[in-house]
Amino acid sequence: MTTRSNGEQHHGPPSYQQRRPHYGSAPYGGGSASFRGCCCCIFLMLTFLVLLALAVALVVVLVVKPRKPQFDLNQVSVQYLLVTPPSSAASAGTVAAAVPAAAYLSLNITLLFTAVNPNKVGIRYGPTAFDVMYHGVPLGVAAVPGFEQPAHSTRLLQTRVIVDRFNVLQADAQDLVRDAAISDRVDLRITGDVGAKILVLGFSSPKVQVSVDCAIAISPRRQSLTYKQCGVDGLSV
């Protein structure tokens, strides 16, 4: 035992509890900071990738300058169009005066479509079905399979619509018989949507849609096309 000048007494060396350092929660605080740094790095990396993708897309758009493809009905060939009222022995005057309960329409036409790709890259078209209608009533479907088209090219696509004795009822039957027997003109509508994707470096763009909406008129007596109108331009034949 030693005696200090101030009267305090010191009993040997300090205990273990007094010498041991107190770390507290330092390890846990360091782990939290490391986790936040990792999350920050991941966020910065994702932001960089998004900006890089946007930059690449912008460069592609500026270089390629994609334009909407053109898809039009170019030609209609009539093999036959027959309209048969319930009583085929009726005269033209009788048919005009009577109100038939039904009429049968048989149709065989060939449609020739033109696909134009004005772009510097290729285009992939999906399969398309065009409806052939009379007064809004679907008569048949013209199917066009999907295909790919090179840059700066034009392609002709042919399909056929065959309708065998389609039963047109009531008011539409009356109009159909009158149009065929009196006016010698049967008006049909061909409509459908064509889906296309632009191909750039093996990747495809979001789908763009090209609408086809054409009105045609067929003469049952001459068995030929007399009128075709697609969009704003009309063509009389």
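Residues are numbered from 1 along each chain as its sequence is written, and side-chain values use heavy atoms, with hydrogens and water left out. In this predicted model, local features need pLDDT of at least 70 and side-chain atom pairs count only at pLDDT 80 or more, while totals for chains, interfaces and linings use all residues.

The protein chain contains four helices and 14 strands (DSSP runs numbered from the N terminus, with helices being H or I of at least four residues and strands E of at least two). Of its 237 residues, 32% count as buried (under 20% relative accessible area; exposed is over 50% and partly exposed in between, with a 1.4 Å probe and protein chains only). The accessible surface is about 14900 Å², and carbon and sulfur atoms contribute 60% of that area (Shrake-Rupley method, 1.4 Å probe; for residues, only the protein chains shown count as cover). Among contacts with a separation of 6 or more, 70% join residues 24 or more positions apart (contact means heavy atoms within 4.5 Å).

Confidence comes next. The mean pLDDT of the protein chain is 79, with 73% of residues reaching 70 or more (pLDDT is the predictor's confidence in each residue, from 0 to 100). The pLDDT is below 50 over residues 89–97, a stretch with four contacts in the model beyond near neighbours in sequence. Residues 232–237 also stay under 50, and for them the model has eleven contacts beyond four places in sequence.

The largest nonpolar core holds 43 residues, of which F71, L107, L111, F113, F130, L188 and I218 touch the most other members (such a core is a set of buried Ala, Val, Leu, Ile, Met, Phe, Trp, Tyr and Cys residues joined through side-chain atoms within 4.5 Å).

T110, in strand 4 (residues 102–117), is buried at a relative accessible area of 9%. The side chain of T110 makes a polar contact of 3.2 Å with the side chain of Q79 (a pair of N or O atoms within 3.5 Å; within protein, one must be able to donate a hydrogen and the other to accept it, and residues adjacent in sequence count only if both atoms are side-chain atoms). L156, in strand 9 (residues 153–169), is exposed at 53%. Beyond four places in sequence, L156 is in contact with L112, F113 and T114, and the C-alpha atoms of L156 and T114 are 4.8 Å apart.

The structure holds five aromatic pairs (Phe, Tyr or Trp rings, the six-membered one for Trp, with centres within 6.5 Å; planes under 30 degrees apart are stacked, over 60 edge-to-face and the rest tilted). F113 and F130 are stacked, at 4.5 Å centre to centre and 15 degrees between the planes. This pair links strand 4 to strand 6, 17 residues apart, and both F113 and F130 are buried. Y125 and F147 are also stacked, at 4.6 Å and 20 degrees. Y125 lies in strand 5 (residues 123–125) and F147 in strand 8 (residues 147–149), so the pair ties together parts 22 residues apart in sequence. Y125 is buried at 3% relative accessibility, as is F147 at 8%. F71, F113, Y125, F130 and F147 form one aromatic cluster.
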